[in-house]
Amino acid sequence: GNAGDGKTHVLRKLSSEIRQYGALVIEDATAAMRQDSIVPILDLWRKAILDKVPFCIAINEYPLYLLRRAAKDALPILAEELDRQCSNRLVYAALPEKEAARHALLVIDLSLRNPLNREISGKMLDRILAGVMPTELLPIIDRHLEKLRDERVRTRILNVFGRLAEIGVRTTMRELWILLARMVLGYRWDLSPPLGEKLDHWYSEVLFASDPRFSITEELRQTDPAIHSHPVWDATLEDRTSAVSTGW
């Protein structure tokens, strides 16, 4: 998976189960490399095989490419299976018997998981809301907690995420986590001060604020209702007794 997809996090969540089997675990392949060399990782994989223990690794695409190339000579049978799975990363149904009987190697590509999916983003939002306590120091946080826990607000936010996912927009777990946390805090990196006071920096403004460091913010900005309409304009249209002013 990509940086921020949650590879290391998944390994850490599974660490108690994994280590029961004496597994050799690398939580970050890039950090384990030496001067762009994959040899240290290959050596650890060999060691795990010799010790007859599981080998678990969180790895980005480029180190994985290097590992696949280096393993062709060092571990040809496993390298062949690794190449096969990397070329067929999507599984649409239960594994057939002949597939389950193959070499004990499994590639899970977390970049195929889209956190904007309503189920994933909904659980993330609920987890953040459950972990934040009311505070008298920043009253706006209490206001955000109240609003984001409202079922209608929650549904509408998740619908925005879900629709973006349906048209092929993707983000990482890390980016979505940051965005949701900012909504609770009312944090706007592009404004001064970044944390709002009173009614400044509402969660809805944070949701649609652009941040060049995170591509998802630009995609969300395109869904901002203010781009297409405005409450003042809507009220004027609804109030049929008012004359429509010029300059719109």
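Is Y65 buried, exposed or partly exposed, and at what relative accessibility? Y65 counts as partly exposed, at 44% relative accessibility (buried means under 20% relative accessible area, exposed over 50%, partly exposed in between; 1.4 Å probe, protein chains only). The model is predicted, so that local features need pLDDT of at least 70 and side-chain atom pairs count only at pLDDT 80 or more, while totals for chains, interfaces and linings use all residues. Residues are numbered from 1 along each chain as its sequence is written, and side-chain values use heavy atoms, without hydrogens and water.

Three aromatic pairs are present in the structure (rings of Phe, Tyr and Trp, the last by its six-membered ring, with centres within 6.5 Å; planes under 30 degrees apart count as stacked, over 60 as edge-to-face and the rest as tilted). One of them is the stacked pair of W45 and F55, at 5.9 Å centre to centre and 15° between the planes. Since W45 belongs to helix 4 (residues 39-51) and F55 to strand 2 (residues 55-57), this pair ties together parts ten residues apart in sequence (helices, H or I of at least four residues, and strands, E of at least two, are DSSP runs numbered from the N terminus). Both W45 and F55 are buried. Y62 and Y65 are likewise stacked, because their ring centres lie 6.3 Å apart with the planes at 25°. These two residues are three apart in helix 5 (residues 61-74), a separation of about one helical turn. Y62 is partly exposed, with a relative accessible area of 45%.

K7 lies in helix 1 (residues 7-13). Residues touched by K7, leaving aside those up to four places away in sequence, are G1, N2, A58, I59, N60 and L110 (contact means heavy atoms within 4.5 Å).
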